[in-house]
Amino acid sequence: MALVKRRAIFAILFMAGIIASGAAAPAAVDLSTGIRYVIPTGTLDECGTKAQAALNKYLQNPTESAAGSHEYLATGPIGGTGQSANAAAGTIHCFASGKGYAVTFTCAVETPNNPYDANSLCLDLAHNFSGKDQKPLPTPTPVVVPTGCNTQSLAGTWQSDSDSSLTMKMDGNGGLEASDGVSGNWALSGLTATLTYYGNHTEKLSSDGKHLSGQYNLTRKC
């Protein structure tokens, strides 16, 4: 059991790593593990059906981590505007146990970009699985992304000062799409920006929010 529990935790931490790496602002990952049910009679297929239904209630696109593993993963949250599609994750793992099965629940939630913590998510997943009452999770509040030149966000279209053919469109969720077809990310802490574009590069944002200087010198169209 210790080995399979470590595998479940590894799976959720792998997803958490994806969550953290895509964050547009400094974030932490809240982890919840330990909920375990033992069902005296039943099949692993039954467990898998209930696991996917529970994940689908609170997250999105539940999938089996590997064929025959009986470990189901999903990310979310559902709803909200401006939230990362991978800001929360859950895994439900089914194991044969006598004539029935055991099932564990592990969750990871990016904070502060969710209005609920990992324990709340895992508890609702477990209660949904077992047919118990569930407490509605708060809905993410729509994120208002500043427009124009500002020092709170890099959202907008940026033009290279040295290469007129290069533009970068940055969205309010930390995504970056360059005119050469390369996708990346951005993060902003104070006036220090990090661009993930052919590697990670530190840039300095001007006090009027219009210029980035460093490896790539860019001007925002605003």
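The model is predicted: local features need pLDDT of at least 70, side-chain atom pairs count only at pLDDT 80 or more, and totals for chains, interfaces and linings use all residues. Residues are numbered from 1 along each chain as its sequence is written, and side-chain values use heavy atoms, with hydrogens and water left out.

**Whole protein.** Colour by secondary structure. You get three helices and 13 strands; these are DSSP runs numbered from the N terminus, helices (H or I) of at least four residues and strands (E) of at least two. Of the 222 residues, 41% are buried, meaning under 20% relative accessible area with a 1.4 Å probe, protein chains only; exposed is over 50%, partly exposed in between.

**Helix pair.** Select residues 44-58 (H2) and 118-130 (H3). Their axes, lines fitted to C-alpha atoms over the stretch in contact, come within 9 Å and cross at roughly 135°. H2 is therefore oblique to H3; angles under 35 degrees are roughly parallel, over 145 roughly antiparallel, 65 to 115 roughly perpendicular and the rest oblique.

Now show side chains. On H2, pick residues including Cys-47, Ala-51 and Tyr-58; on H3, pick Leu-121, Leu-125 and Phe-129, among others. These belong to the contact between the helices, where contact means heavy atoms within 4.5 Å.

**Ser-213.** Go to strand E12, residues 211-214, and select Ser-213. Ser-213 has 39% relative accessibility, so it counts as partly exposed. Its C-alpha lies 5.3 Å from that of Glu-203, ten residues away along the chain. Beyond neighbours within four places in sequence, Ser-213 contacts Thr-202, Glu-203 and Lys-204.

Note on methods: Axes fitted to C-alpha atoms, helices over the stretch in contact; angles between N-to-C directions.
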